[in-house]
Amino acid sequence: MSATREDDLSGGARVWALARSWVPTAFGSSLLAWEIPVVAAVVTRMSQGPSALAALGAGLSVLFVVNSPALALAPLVVVARAAHGTSALLRHALVTGVAGGAVMLGLAALPAVPALIGLPAGLHGMFQVCLLSFATAPPAVALRRYLHGRLIERDRTQPIAVATGVRIAVTIAAALGLWRAGLTAAAVGGVALSAGAWAEAAYLSTAVRRLAVTEDVQKGAGRLLGQHARLTSNILLNMSPALITTVVLARSGAAEASLIVWPALYGLLSLGTIPLSDFETVGAALLRRTGDVAVLRRFTVLLAGTLLAAGLLVACTPLAHMYLTGFSNVPPGPAYLGESWVAVLVAVPALWAVRGQARALIIAADRTSVLLRAAVAHVGGMLALGLLLPLTRLPGVACASIALLGALAAEILVLRTSRRRPPP
């Protein structure tokens, strides 16, 4: 939709136009949010299921951090495609993915990594197998995020929802097939999730080929690397809490029970946060087309209110118990621990929406250096709380939940404060 056409719309219609652009990415991400809970539900029903679930959660926390540069490729395409061209960005994406896979292989080969995180000795072998099973995931994630950026930039987001449907179907089929084939429980999750990511990337590539070719202006790669580094810091602060919380869980009270229930609890939280993965990118694309800040603000209020209401519904009804003990098959002791502290996480998805709005404004203004300051505030707050809370008698789940909430609030404060300052 052109800027002129959008200027002719009423306020409500402009909000709906933004929703139509964002909903396909959110729908696709919503399907994707079920990927980890479904895989976890399969793993926990296998031999050594609870231990394998704890190892899977720890392995995912490492993968999230390693994948940060790949996940940053979608907003990078939105802000840099016109300056650098699609060929340069594609090459950059492929190098990013291969590097991430090499890092996963290196970490899997280092026996000191699980001990450094603080995992119980009985989980060390399973954890290393999990890391090895994730080695092919980073190249697939890098390619799919590059393709996401191409589609978002052109406001052709519908194929993203279909591609995610393909991904979740392949992931579930792979997990069930590997279970029946007798693959070790520690490897099932990583192999299944990687297979789904490659299937999504394959479908997205067919959609991107149908886009009309536009003329690219090629420039040097220095600025591209700088932009990617700043955007990666933004994504890294999304992902690093998963690794930091794993360390907090392992070093707090009720560590084993907390490590078992946290992957399922975090999967439940992801149902509200993962749909927002591309909210800032879609919002930035809208602002670069129209500059309509009021529409983005109104949509954020509506979105945050809906997410908060949904979180309260889950925390105040038997839904959390049904999810943890029925669907996820978490043992009674760890499940009770998770239910006791799930209310602390209710505000997290709504705060993600508020943070997404602040990031969109900064990305659209190409002030991505601000994201680095916000990343430092988020990670610093997470580390500070992660060091202090285990000194209390609180269980690991409580410490991780409080640290996650506090770090998110610190980041939003920095983002909103920096937005009021004039650009340098």
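# Working chat: core, cavities and loops of a helical chain

Student: Which residues have the most contacts inside the largest nonpolar core, and how many residues does that core have?
Tutor: The largest nonpolar core has 125 residues. Those with the most contacts inside it are Leu60, Phe127, Leu276 and Leu303. Keep in mind that this is a predicted model.

Student: OK. What is Leu60 in contact with, leaving aside its neighbours within four places in sequence?
Tutor: Leu60 is in contact with Ile36, Phe134 and Leu193.

Student: Step back a bit. How many helices and strands does the protein chain have?
Tutor: The protein chain has 21 helices and 0 strands.

Student: And what percentage of the residues count as buried?
Tutor: Of the 424 residues in the protein chain, 56% count as buried.

Student: What share of the contacts with a separation of 6 or more comes from residues 24 or more positions apart?
Tutor: That share is 85% in the protein chain.

Student: Switching to holes. How many cavities of 30 Å³ or more are there?
Tutor: The count comes to 4 cavities.

Student: Take the second largest cavity. How much space lies in it?
Tutor: About 150 Å³.

Student: Which residues lie nearest its centre?
Tutor: Gly57, Leu60, Trp262, Pro263 and Tyr266 lie nearest the centre of the second largest cavity. They belong to a lining of 15 residues. Leu60 is one you have met already, as one of the residues with the most contacts inside the largest nonpolar core.

Student: Which elements give two or more residues to that lining?
Tutor: Helix 4 (49-66), helix 13 (222-251) and helix 14 (255-273) do. The largest share comes from helix 4, with 6 residues.

Student: How does the lining of the second largest cavity divide into nonpolar, polar and charged?
Tutor: It has 11 nonpolar residues, 4 polar and no charged.

Student: Now the largest pocket. How much space lies there, and which residues lie nearest its centre?
Tutor: About 330 Å³ of space lies in the largest pocket. Its lining has 16 residues. Leu268, Gly272, Ala310, Gly311 and Pro349 lie nearest the centre.

Student: Which elements give two or more residues to the pocket lining?
Tutor: Helix 14 and helix 16 (293-316). Helix 16 gives the most, with 7 residues. Helix 14 also gives two or more residues to the lining of the second largest cavity.

Student: Helix 18 next. Which of its residues are buried?
Tutor: Helix 18 covers residues 332-341, and its buried residues are Pro334, Ala335, Leu337 and Gly338.

Student: Why do they line one face of the helix?
Tutor: Seen down the axis of helix 18, the buried residues fall within an arc of 160°, so they line one face. On the other side, Pro332 and Tyr336 are exposed.

Student: What's the general rule on helix spacing?
Tutor: An α-helix has 3.6 residues a turn, so residues three or four places apart point the same way.

Student: Where is Leu231 found, and is it buried or exposed?
Tutor: Leu231 is found in helix 13. Leu231 counts as buried because its relative accessibility is 1%, and the cut-off is under 20%.

Student: What does Leu231 touch, not counting residues up to four places away in sequence?
Tutor: Leu231 touches Ala72, Pro75, Leu76, Val79, Ile363, Thr368 and Leu371. Leu231 and Ala74 are 157 residues apart in sequence, and 9.6 Å apart in space, C-alpha to C-alpha.

Student: Loops now. What is the phi of Gln48, and where is Gln48 found?
Tutor: Gln48 has a positive phi of about 60° although it is not a glycine. Gln48 sits in the loop between helix 3 (35-44) and helix 4. At 55% relative accessibility, Gln48 counts as exposed.

Student: And what about the phi of Asn329?
Tutor: Phi of Asn329 is near 60°, again positive in a residue other than glycine. Asn329 lies in the loop between helix 17 (319-327) and helix 18. Asn329 is partly exposed, with a relative accessible area of 32%.

Student: Last one. Is Thr157 buried or exposed?
Tutor: Thr157 is buried, with a relative accessible area of 1%. Its place is in the loop between helix 10 (137-153) and helix 11 (158-181). The C-alpha atoms of Thr157 and Ala207 are separated by 9.9 Å, with the two residues 50 apart along the chain.

Conventions
Residues numbered from 1 in each chain as written. Predicted model: local features only at pLDDT ≥ 70, side-chain atom pairs only at ≥ 80, totals over all residues. Heavy atoms only, no water. 1 Å grid on protein atoms, 1.4 Å probe; cavity = no way out; pocket = protein on both sides within 12 Å on 5 of 7 lines; lining within 4 Å. Points joined across faces, edges and corners; volume = space filled by probe spheres on them. Helix = DSSP H or I, 4+ residues; strand = E, 2+ residues; numbered from the N terminus. Nonpolar A, V, L, I, M, F, W, Y, C, P; charged D, E, K, R; others polar. Core = buried A, V, L, I, M, F, W, Y, C linked by side-chain atoms within 4.5 Å. Buried < 20%, exposed > 50% of the residue type's maximum accessible area, 1.4 Å probe, protein only. Contact = heavy atoms within 4.5 Å. Arc of directions from axis to C-beta.
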